[in-house]
Amino acid sequence: MTAGRVRVSLGRVASQLLRLVVVLLIVSIGTFGLVELIPGDPAQNFLGETSTPEEYVRIRGELGLDRPVVTRYVDWLGSVLTGDFGKTLSQPVQPVSDVITAALPVSLQLAAMAMAIALLISIPAAMLSAQRPGSRLDRVIGVVTFSAVSIPSFLAAFLLILFFVRTWSFFPRVTWVRLSADPLDNLHHAFLPALSMAIVEIAVFTRLLRSDLISSLQESYVLAARARGMGKWEIMFKEVLRPSSFSLVTLAGVSLGRLIGSAVIVETIFGLPGLGRAIVGGAGQRNYTLVQGGVLVLAFIYVLVNAAVDVGYTRLDPRLRRRAT
């Protein structure tokens, strides 16, 4: 790698890191402010209905709720920078980092499985569709993907539960088994939630890749490959798929970050102990330390994934590498 390319790569990484810091700062301020607007009193929720006025005053002081909002935000942000997200404001009291550590792997697994399912289905579907545009198979795939785009994840989750759990009993009732406890059983339980998250992505990925594949099949190098006697599937895999996948890679990276953050609906419907469900539960209890910490972690993952995609896209596409140098 030349010195110029090294400088460009370092500059792009530095730019992404600066963007990461700015976005996280904005998210932290916005989350802190919005939590303050949630009706209810954390101290009262913490104590319950039978507390005395003296206990109420004491708890507000211990939780720091008697201090100005700006002071509490600055103190919380300073603690976060040292890795301390504080303690939960609901019973049982525990470090917020422990709750996040226990719940985040569930959300990450669902998002990763949803992305894997989407790519494993959409890539072959797009290739089949692009080989013969306008054919019956192409029209069927087009109708299916067009319909799937209109199905929100919560509706897909309800339909999957109705047919595959309650009607046909192909999958177990709503529950969760940790991956470390039983990998096969875990995948059995996680498949339907991941599939419900992947349906829209399958449709979008298929339509995008199909369009790019059809465009690439019209290029002169494809005609030259046909003239050399290469078969249509050999051309598809060796000559067409890679240059047609740049848009898909970018969209997949953006979608992965979004899937992690948007798993809350699916986690709630299936009763999964993920971070999204923990954040929603914390908001209902006005457990703002949990909400702030969870949202900040999700925002960090989302921005980090997008930054990695942006940097990696330059390495993947040789045209961008030449333009950068």
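Predicted model: local features only at pLDDT ≥ 70, side-chain atom pairs only at ≥ 80, totals over all residues.
1. Basis. Local features need pLDDT of at least 70, side-chain atom pairs count only at pLDDT 80 or more, and totals for chains, interfaces and linings use all residues. Numbering starts from 1 along each chain as its sequence is written, and side-chain values use heavy atoms, with hydrogens and water left out.

2. Largest pocket. Its volume is about 360 Å³. A pocket here is an open set of points on a 1 Å grid over the protein atoms alone, where a 1.4 Å probe fits, with protein on both sides within 12 Å along at least five of seven lines. Points are joined across faces, edges and corners, and the volume is the space filled by probe spheres set on them.

3. Its lining. Lining residues have an atom within 4 Å of a point. There are 21 of them, and Leu63, Gly86, Lys87, Tyr288 and Thr289 are the closest to the centre. Two or more residues each come from α3 (53-63), α4 (69-81) and α14 (288-316); helices are DSSP runs of H or I, at least four residues, numbered from the N terminus. The largest share, 4 residues, is from α4.

4. Second largest pocket. This one has a volume of about 260 Å³. Of its 13 lining residues, Leu24, Leu25, Leu77, Leu81 and Leu296 are the closest to the centre. The elements giving two or more residues are α1 (3-36), α4 and α14, and α1 gives the largest share, 6 residues.

5. Composition. The largest pocket is lined by 9 nonpolar, 6 polar and 6 charged residues. Nonpolar means Ala, Val, Leu, Ile, Met, Phe, Trp, Tyr, Cys and Pro; charged means Asp, Glu, Lys and Arg; the others, Gly among them, are polar.
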